[in-house]
Amino acid sequence: MNGIIIKAIGGIYTVEAPDGVYECKARGVFRKKRITPLCGDNVEILVDENTPVIEKILSRKSEIIRPPLANLDVLVFVSSTCEPQPNLLLLDKFIAVAVHKNIEPLIVFTKIDKTDYKQYSDIYEKCGMQVFGIDNTTGVGAEQLKNALKNKISAFTGNTGVGKSSLLNNIFPELDLATNEISQKLGRGKHTTRHVELYKLSEGGYIADTPGFSSFDTNRYDIIFKDELADCFTEFAPFVDKCRFQDCSHTKENGCAVIEAVNEGIIPKSRHCNYVAMYEEARQLKEWEHR
């Protein structure tokens with residue numbers, strides 16, 4: 001039968017199937033092929049009188065290495081409007097990684113009661129992304145975000161202090177209850193466990209509880225080479241084929257249609273500035289070492 005891996009720890013995979021939840025082992029052939037089943041994988045399992053076994057891992061539409069997750073539909077990037085101030089370069093790096101991995105980026109700004117977040121949301125809405133402003137004290141905006149995640153597999157990331165935990169508790173109180181229950185069983189702090197787990201939401205879909213995923217090192221785990229970077233800025237797409245030079249880097253060339261779109265206000269200037277900074281970083285990579 002088919003199912004989805006909702007927890008992976010110590011070589012034991014918890015698979016949710018239509019008729020129940022099974023604790024499974026994986027066939028040895030996966031190890032020989034250097035394939036590791038991941039939380040979020042859709043799998044075929046064989047259930048007999050012995051331990052249920054994962055027979056096949058179905059095709060993945062996305063995968064990230066740390067935390068190890070497959071088939072994510074949405075990565076939610078949480079940033080505050082102040083205290084700390086938004087780091088748009090870091091946010092744009094996250095967004096690029098999500099696009100590169102075929103995952104929809106979704107942006108949330110918290111602490112909207114303290115500062116007008118429109119100056120930031122306008123940038124990303126102009127690029128065709130979903131942006132939400134949420135006040136964790138009143139719950140304003142939480143319902144809209146909740147609806148956007150319905151029937152999807154989602155994970156949240158954000159730097160310390162941006163209100164990610166409060167946000168999760170507000171929109172998914174059952175998640176906090178589930179993690180507290182596990183903590184009591186294990187007799188340790190809620191965020192000391194290192195495994196990843198998917199929690200089924202009452203509205204439909206799953207949310208990944210990813211301890212330690214307050215942020216991730218984009219260069220270390222998800223390398224984007226310079227020739228791939230422009231594709232990760234989706235607002236560039238209508239212009240990249242209109243540049244004068246076929247090998248245009250879209251950083252400083254005369255006749256670059258992307259730069260012209262920036263100058264005309266079609267592409268936000270901050271996005272292009274951050275693209276140039278990321279391109280310079282990517283240019284320093286020795287591709288033969290990483291490939």
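Student: How many bridges join strand 3 to strand 5, and do these strands run parallel or antiparallel?

Tutor: Strand 3 and strand 5 (residues 53-57) run parallel and are joined by 2 bridges, and in strand 5 the bridge partner of Lys25 is Val53. Please keep in mind throughout that this is a predicted model.

Student: In what sense do strand 2 and strand 3 pair, parallel or antiparallel?

Tutor: In a regular strand the side chains alternate between the two faces of the sheet. In this model, strand 2 (residues 12-17) pairs with strand 3 (residues 20-26) in the antiparallel sense, over 5 bridges, and the two strands form a hairpin that leaves 2 residues between them.

Student: Turning to the helices, at what angle do helix 2 and helix 3 pack, and how far apart are their axes?

Tutor: Two packed helices are described by the angle between their axes and by the distance between those axes. For helix 2 (residues 88-100) and helix 3 (residues 118-126), the angle is about 30° and the axes lie 13 Å apart; the two helices are therefore roughly parallel to each other. The crossing of helix 2 with helix 3 is right-handed.

Student: Which residues make that contact between helix 2 and helix 3?

Tutor: Helix 2 contributes Leu88, Leu91, Asp92 and Ile95, while helix 3 contributes Tyr120, Ile123 and Tyr124. Sorted by class, the contact of helix 2 with helix 3 has 6 nonpolar residues, no polar residues and 1 charged residue.

Student: Are helix 2 and helix 10 roughly parallel or roughly perpendicular to each other?

Tutor: Helix 2 packs against helix 10 (residues 269-283) at an angle of about 70°, with the axes 10 Å apart, and the pair is therefore roughly perpendicular. From helix 2, Leu88, Leu89, Asp92, Lys93, Ile95 and Ala96 meet Ser270, Arg271, Asn274, Ala277, Met278 and Glu281 of helix 10. By class, the contact of helix 2 with helix 10 divides into 6 nonpolar, 2 polar and 4 charged residues.

Student: Where in the chain is the confidence lowest, and where is it highest?

Tutor: Where pLDDT is low, the predicted coordinates should not be read in detail. The chain averages a pLDDT of 85, and 85% of its residues score at least 70. Confidence is lowest in helix 7 (residues 218-221), with a mean of 52, and highest in helix 9 (residues 257-263), at 98. Over residues 177-193 the pLDDT is below 50, and this stretch has 14 contacts in the model beyond near neighbours in sequence. Over residues 211-216 the pLDDT likewise stays under 50, and here the model has 23 contacts beyond four places in sequence.

Key: Residues are numbered from 1 along each chain as its sequence is written. This is a predicted model: local features need pLDDT of at least 70, side-chain atom pairs count only at pLDDT 80 or more; totals for chains, interfaces and linings use all residues. Side-chain values use heavy atoms; hydrogens and water are left out. pLDDT is the predictor's confidence in each residue, from 0 to 100. Helices (H or I, at least four residues) and strands (E, at least two) are DSSP runs, numbered from the N terminus. Contact means heavy atoms within 4.5 Å. Axes are lines fitted to C-alpha atoms, for helices over the stretch in contact, and angles run from 0 to 180 degrees between N-to-C directions. Angles under 35 degrees count as roughly parallel, over 145 as roughly antiparallel, 65 to 115 as roughly perpendicular and the rest as oblique. A crossing is left-handed if the near helix is turned anticlockwise from the far one by less than a right angle, and right-handed if clockwise. Ala, Val, Leu, Ile, Met, Phe, Trp, Tyr, Cys and Pro count as nonpolar, Asp, Glu, Lys and Arg as charged, and the others, Gly among them, as polar. Two strands pair if DSSP finds at least two bridges between them.
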